[in-house]
Amino acid sequence: MAKANFEFSAGGVVMKGDTVLLIRVRSLKGWEVWTFPKGRLNKGERSSEAALREVEEETGWRCRIERELPRSVYWFQQDGRRIHKTVRWFKMAPIERVGEPDREVEEAVWLPIAEAASRLTYESERRLLAQALTADAAPENEQSS
């Protein structure tokens, strides 16, 4: 059995009023995916720093963290390797538009919450959006990943 590889990412559920910011990207298999911005941590980077950086790179929006949301943990295959991925999510509020989405992102759009929920590709991210809408989610708790 092949050795598992571990990957750590962080991302944001960015909300403004009754809208949420989604991105459209392509999966490893080339499928269209509607999701929240996220990406891998750089060496020595904290999850909260990576989440803010990735959101800005992928959407062009500088944001602030309001609180931490539940983590996502899942397995996927890439280049014949099994990867165990943990994503730390943060609810964010936009501060200002500072650029354009990077080349990995086909589109970044603000959508009404109900439309965003129906457009999200993964059920786990619909649950994450529901968590972002609740007032009693876990407070931000910065620990190293």
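Buried means under 20% relative accessible area, exposed means over 50%, and partly exposed covers what lies in between. Keep in mind that this is a predicted model.

Q: Why is Trp110 called partly exposed?
A: Its relative accessible area is 22%.

Q: What makes Trp61 buried?
A: Trp61 has a relative accessible area of 15%. Buried needs a value under 20%. Trp61 therefore counts as buried.

Q: How do you know whether Phe36 and Trp89 are buried or exposed?
A: Phe36 has a relative accessible area of 1%. For Trp89 the value is also 1%. The cut-off for buried is under 20%, so Phe36 is buried, and Trp89 is buried too.

Q: Why do Phe36 and Trp89 count as an aromatic pair, and of which kind?
A: Three aromatic pairs are counted in this model. The ring centres of Phe36 and Trp89 are 6.0 Å apart. A pair needs centres within 6.5 Å, so these rings qualify. Their planes stand at 75°. Over 60 degrees is edge-to-face, so that is the name for this pair.

Q: What parts of the chain does the pair of Phe36 and Trp89 tie together?
A: Phe36 lies in the loop between E3 and strand E4 (38–40). Trp89 lies in strand E6. The pair therefore ties together parts that are 53 residues apart in sequence.

Q: What makes the pair of Trp61 and Trp110 edge-to-face?
A: The angle between the planes is 85°. Trp61 is in strand E5 and Trp110 in strand E7 (residues 107–112), 49 residues apart.

Q: Why is the charged end of Lys16 said to sit over the ring of Trp110?
A: The distance from the ring centre is 4.4 Å. The cut-off is within 6 Å, and the charge must also lie within 35 degrees of the ring normal. The charged end of Lys16 is listed as sitting over the ring. Arg119 also lies over a ring face, that of Trp34, at 4.7 Å from the ring centre.

Q: How do you know that E1 and E6 pair?
A: Ten bridges join strand E1 (residues 5–16) to strand E6 (residues 81–97). Pairing takes at least two bridges, so E1 and E6 pair. They run parallel. One of the links is between Val14 and its bridge partner in E6, Met92.

Q: How do you know that E5 and E6 pair?
A: 15 bridges join strand E5 (residues 61–78) to E6. At least two are needed, so these strands pair. They run antiparallel. Gln77 has Arg82 as its bridge partner in E6. The hairpin of E5 and E6 has two residues between the strands, and Asp79 there takes a positive phi near 50°.

Q: What puts the buried residues of helix H3 on the same side?
A: The buried residues of H3 (residues 123–133) are Glu125, Leu128, Leu129 and Ala132. They cover an arc of only 100° around the axis, so they are on the same side of H3. An α-helix has 3.6 residues a turn, so residues three or four places apart point the same way. The cover over the buried residues of H3 includes E1, E5, E6 and helix H2 (113–119).

Notes. Residues numbered from 1 in each chain as written. Predicted model: local features only at pLDDT ≥ 70, side-chain atom pairs only at ≥ 80, totals over all residues. Heavy atoms only, no water. Helix = DSSP H or I, 4+ residues; strand = E, 2+ residues; numbered from the N terminus. Buried < 20%, exposed > 50% of the residue type's maximum accessible area, 1.4 Å probe, protein only. Arc of directions from axis to C-beta. Contact = heavy atoms within 4.5 Å. Phe/Tyr/Trp six-rings, centres within 6.5 Å; stacked < 30°, edge-to-face > 60°.
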